[in-house]
Amino acid sequence: MQPNPRDYFKFTSKARLDKAINALIGIVEGIAIDGQINNLELDYLNLWLAEHDEVRDQHPFNELVPVVTAAVADGILTEEEHADILWLCERLRSTEYYDSVTADLQRLHAIMGGIVADTHISVDELRALSDWMADHEHLKTCWPFDEVGSLITGVLADKQIDEKEHAMLHAFFAEFTALLEDRTITRAPVLHGQVVVGLCAVDPEISFLDKGFCFTGASSRFTRAEFERLVQKLGGSAHSSPSKKVHYLVIGAEGNPCWAFACYGRKVEKAIELRKAGTRVVIVHELDFHDALADQGS
């Protein structure tokens, strides 16, 4: 009797990952090539999901499968859903990413958490971290590598850490101490010029009338359509992607600390680019959005 080939999947994970993700990219591009999706094409995409059901809880399928599942749940593959899937696939199938980026980003997070664990950050620790980063330059452009490098360069310019700089470093590094406990990074820091600010605004003031909202990520409380109806009921508008018409990007609270892109997806990336270009897009955590709804009696 021939053994079940699935028994050997765990031994061919890299090859199967490449094949599976390349196949998904081809399927998505193929069924969306004419701009219309029919039931037979959606069934074909669902076949890909069924084929990978046994590994849906393993990285990176635990990140990819939910995105595809959510995209086809309503029987429609929108342009934004199409773009989200391809964006994620491109990052997950990268040989450089798969071989080293995921593990090294996790190490960087852990190193920062370890440095701040005793609440004190020293010059020697920063220099050692800088040396580690110099040996891992393949992480450039991957958040938060560039932000950390800029911080270290600025702080060590005078070869000492003053009280203000220490507070800034502590606020940044401390975000990475609870990754094993929190489901997502809720106050992820990013760098704007020489100022570290939260990816998500802290206690933001959210208004709805004539304001544009975009949603990303997963929520345990509302579907995307329900979010949009709530906003429209309060006089706002819902948009599928960040743009100059969007005032708030709401990040869903559901996630997993093992997901490489759990809190830093395509829409967040786009919102940050808009902010750097001068467009005021407030990135809001879902919990703050719920508070704003409660204030409106919704």
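**Terms and the values behind them**

Mentor: The chain has 11 helices and six strands; helices (H or I, at least four residues) and strands (E, at least two) are DSSP runs, numbered from the N terminus. This is a predicted model, in which local features need pLDDT of at least 70 and side-chain atom pairs count only at pLDDT 80 or more, while totals for chains, interfaces and linings use all residues. Residues are numbered from 1 along each chain as its sequence is written, and side-chain values use heavy atoms, with hydrogens and water left out.

Trainee: Why is Glu80 called buried?

Mentor: Buried means under 20% relative accessible area, exposed over 50%, and partly exposed in between (1.4 Å probe, protein chains only). Glu80 has a relative accessible area of 17%, and therefore counts as buried. Glu80 is found in helix α4 (residues 79-93). Leaving aside its neighbours within four places in sequence, Glu80 is in contact (heavy atoms within 4.5 Å) with Ser240, Ser241, Arg266 and Lys267. Arg266 and Lys267 are themselves among the buried residues of helix α10 (residues 266-276). Across the chain, buried residues make up 42% of the 298 residues.

Trainee: What makes Ala134 partly exposed?

Mentor: Its relative accessible area is 47%, so Ala134 is classed as partly exposed. Ala134 belongs to helix α6 (residues 123-134).

Trainee: Why is Lys159 counted as exposed?

Mentor: Lys159 reaches 61% relative accessibility, and so it counts as exposed. Lys159 is found in the loop between α7 and α8. Its phi is near 65°, a positive value in a residue other than glycine. Most residues other than glycine have a negative phi. Asp210 also has a positive phi, of about 65°, although it is not a glycine. Asp210 is found in the loop between β2 (195-198) and β3, and at 62% relative accessibility it counts as exposed.

Trainee: How do you know that α2 is roughly antiparallel to α3?

Mentor: The axes of helix α2 (residues 39-51) and helix α3 (residues 61-72) come within 10 Å and cross at roughly 155°. Axes are lines fitted to C-alpha atoms, for helices over the stretch in contact, and angles run from 0 to 180 degrees between N-to-C directions. Angles under 35 degrees count as roughly parallel, over 145 as roughly antiparallel, 65 to 115 as roughly perpendicular and the rest as oblique. The crossing angle therefore makes α2 roughly antiparallel to α3. The contact involves Leu42, Leu45, Asn46, Trp48 and Leu49 of α2 and Phe61, Leu64, Val65, Val68, Thr69 and Val72 of α3.

Trainee: What makes α7 roughly antiparallel to α8?

Mentor: Helix α7 (residues 145-155) and helix α8 (residues 163-173) pack at an angle of about 165°, with their axes 11 Å apart. That angle makes α7 roughly antiparallel to α8. On the α7 side the contact is made by Glu147, Val148, Leu151, Gly154 and Val155, and on the α8 side by Glu165, Met168, Leu169 and Phe172.

Trainee: Why do β4 and β6 stand at the edges of the sheet?

Mentor: The open sheet of four strands has the order β4-β3-β5-β6, with parallel pairing; two strands pair if DSSP finds at least two bridges between them. β4 (237-239) and β6 each have a single partner strand, so one side of each is left without a neighbour in the sheet.

Trainee: Which way do the residues of β6 point?

Mentor: In strand β6 (residues 282-285), Val282 and Val284 point one way and Ile283 and His285 the other way, and all are buried.
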